[in-house]
Amino acid sequence: MPYVPGNAAEGYCLECKKDTVHTVLEVSGTQVRKVRCEKCGEEGPLRMPRHKTRAGLRAALQKNTVGTTKRRPRKPKEDPGQTFRQAIQGKDLTTAVDYSIRVSLTEGDLLKHKSFGIGVVTAITASDKATVLFEEGPRTMVFGRG
Ligand SMILES: [Zn+2]
């Protein structure tokens, strides 16, 4: 999928030392040239998310087996942020609206919340309530009041 500037892209951030949401800043042809981390603001080339690389898988496996010699290895814990980053992959972050109780929302809209960051509306559950998926997980948000 070709990116255009403003799109959300999942990538590994060297500053945050984890996979984060990045905003595409520069595109050349079909190649992303420059992105900005939404967490720390660091700008640079787009790096492959760790969970998609062999090194990332190895790290996840090693982490999971540390101190569990007597117990059975458990399944790697789901990273809640991974679902979120995949949900907003390729979306246009410039369309994200600043959250307030007065905004009007429809499914698929992007929100920018001052504590939770970028979120995507996954469902409208009532005339004034929406389920919004943030990096830390889904939340019910009130909207359309005032
Ligand atoms: Zn970062």
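A residue is buried if 20 or more other C-beta atoms lie within 10 Å of its own, exposed if 12 or fewer, and partly exposed in between, with C-beta atoms placed from the backbone. The model here is predicted: local features need pLDDT of at least 70, side-chain atom pairs count only at pLDDT 80 or more, and totals for chains, interfaces and linings use all residues. Residue numbers start from 1 along each chain as its sequence is written.

**Exercise 1.** Work out where Lys 17 sits and whether Lys 17 is buried or exposed.

*Solution.* Start with the place: Lys 17 is in the loop between β1 (8–13) and β2 (18–28). Strands (E, at least two residues) are DSSP runs, numbered from the N terminus, and so are helices (H or I, at least four). Next, count: Lys 17 has 9 C-beta neighbours inside 10 Å, so it counts as exposed. Finally, check the backbone: phi of Lys 17 is near 55°, which is positive although the residue isn't glycine.

**Exercise 2.** Find the bridge partner of Ala 130.

*Solution.* Strand β8 (residues 129–134) pairs with β9 in the antiparallel sense over 6 bridges. In β9, Met 141 is the partner of Ala 130.

Notes:
Pairing = 2+ DSSP bridges.
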